[in-house]
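Please keep the sequence and the structure in view while reading.

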Amino acid sequence: MSIRVEHLNHIYGDGTVYEQYALRDVNFEIQDGEFVGLIGHTGSGKSTLIQHLNGLLKASSGAIYYNGENIYGEGYDMRALRSKVGLVFQYPEHQLFEVDVFSDVCFGPKNQGLSKEEIEERAKDALRQVGLDEKFWEQSPFELSGGQKRRVAIAGVLAMKPEVLILDEPTAGLDPKGRDEILDELTALHRDKHMTIILVSHSMEDIARYADRIMVMNHGEKVFDGPPRQVFHHYRELERIGLAAPQITYIIHELRDHGVPIDPDLITVEEARDAILALLGKAEEKEEKGKDKAE
Amino acid sequence: MIRDITLGQYYPVDSVIHRMDPRTKLFGTMVFIISLFLANSIVAYAVATVFLILAVRISKVPFKFIVRGLKAVVFLLLISVSFNMFLTPGEPIFQIGFLKLTWEGLRTAGFMALRLIYLVLGSSIMTLTTTPNELTDGLERSLGFLNKVGVPVHEISMMMSIALRFIPILIEETDKIMKAQMARGADFETGNLIQKAKSMVPLLVPLFISAFRRATDLAMAMEARCYHGGEGRTKMKPLKYEKRDRIAYLVYIVYLVLVILLRK
């Protein structure tokens, strides 16, 4: 069970003056149950790439295999693929259209042709998974707050019970609390349901905290791919392509430049805090020992 | 998908025609259209052809881009040509039933076809070399005299340029919403008419909501920048005639006179 992408190219406006490579020779394989962070600055091809993964865009050349099957193969069922690979677009709340929250979430499973009981069961499950209180279910989605709308929209995709969930900047425009809640819910899905998650984001902090693999895109090409610690080693190259490592990486490197023997692979604030405290503890011990000798 | 439709279809290259004042181009298009209706001899059409080819060459727009505009009128062209061919009275070449192919008919049909094709080509040169904003700007200035009879020229042209500006935005939005609903298993292609109409609801509702949201946002942004209609409003790039515009007007006059002289 995996997604395998081979030599994927996508050209916009092929054969006109506006011709532009959106993706250039992209290769990778994502295994079941991975949590992948996809990062890149605006226009780097992230959004184009994820739309290929569920067949919304067709590549100019190259192949994509889902569970070993070529999705461009003859007779491949694209609609079935779309229910297995769920895609939550940027600002997904703009796609709500039903009279109440519950029916909107039912839209996906209804298109899958399930029975009424099954549809409702799935919608309820999905709404609980995103933590939306039951009192909102009968309301119009347009009366909810921004964060709540976003949850409804994510539930709308979850209700289809996808095996892979792709989210394009699911936290854009949310306050820190809303952001953390949504990301925590994603982690729970990943942990408890073993869902494969691909998270597109601008925030290195978020990705460092949640993803166990990072892919970096630049000008339509995949430039880095690996565990966060490894990718953040290249923080100078990341800067050159308009990105940055998490802020804590800079502090750690600054400390090392000043001769503090701290581990350069720390990527979250919590890890760095513990490491610094441990170092301080040792330093104090040394100082005290020194004092003892002097006396 | 939808993004491939070229609307507004400005072709961004740098040429003398691109740099011309939009009023000059508007006027030129008008002169060309008038000349097409005045011309009734082969020589006059030859002059028009030369004028058109020169304009295309100077504009640096590839010919196949300009010809693309013809697709829209192919049907109209076919109908008018066949009507003219068979229903013009005169000396018959051959006859099938009541349909009579005449020399006169062939002639009128030929001119008719040329006229239509040139009309489309001529006006596409204008739209391909002028941004929609310049165009409305030019229209606003050229029609400024209508203000005196109470026509709100500025407001109308502002609405026009906003509408034009919103076409690509709404196309993109439609594309996005369509994809998002397709990701949820929506199907826009199959089914009978009623099913198809029904399947549009998940597309149209969000589209309308977003159009209204954008409209209120834009109105707010305009008010925040003290927009209050055309009165006393100055331009960042006021339209000004340059030497090339004066030369162009001269060319128009020479051309028009030539066409009139060559009439039969």
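What volume does the largest cavity have? The largest cavity has a volume of about 70 Å³. The model is predicted: local features need pLDDT of at least 70 and side-chain atom pairs count only at pLDDT 80 or more, while totals for chains, interfaces and linings use all residues. Residues are numbered from 1 along each chain as its sequence is written, chains are lettered from A and ligands numbered from 1 in the order in which they are written, and side-chain values use heavy atoms, with hydrogens and water left out.

**Empty space**

Rolling a probe the size of a water molecule over the atoms shows where empty space is left. On a 1 Å grid over the protein atoms alone, a cavity is a set of points where a 1.4 Å probe fits but cannot get out; a pocket is an open set with protein on both sides within 12 Å along at least five of seven lines; lining residues have an atom within 4 Å of a point. Grid points are joined across faces, edges and corners, and a volume is the space filled by probe spheres set on the points.

By this rule there are five cavities of 30 Å³ or more. The lining of the largest cavity includes L87(A), F89(A) and A153(A), together with A180(B) and R184(B). Helices (H or I, at least four residues) and strands (E, at least two) are DSSP runs, numbered from the N terminus. In chain A, β6 (85–88) and α5 each supply at least two residues of this lining.

The second largest pocket has a volume of about 1,200 Å³. Its lining has 34 residues, and N133(B), D137(B), R233(B), K235(B) and M236(B) lie nearest its centre. The largest share of this lining, seven residues, comes from α8(B).

The table gives the classes of lining residues. Ala, Val, Leu, Ile, Met, Phe, Trp, Tyr, Cys and Pro count as nonpolar, Asp, Glu, Lys and Arg as charged, and the others, Gly among them, as polar.

| Lining | Nonpolar | Polar | Charged |
|---|---|---|---|
| Largest cavity | eight residues | one residue | one residue |

**Helix packing**

Two packed helices are described by the angle between their axes and the distance between the axes. Axes are lines fitted to C-alpha atoms, for helices over the stretch in contact, and angles run from 0 to 180 degrees between N-to-C directions.

Helices α5 (residues 146–158) and α6 (residues 176–193) of chain A pack at an angle of about 20°, their axes 12 Å apart. α5(A) is therefore roughly parallel to α6(A) (angles under 35 degrees count as roughly parallel, over 145 as roughly antiparallel, 65 to 115 as roughly perpendicular and the rest as oblique).

In chain B, α7(B) and α8(B) pack at about 170°, with their axes 9 Å apart. These two helices are therefore roughly antiparallel to each other.
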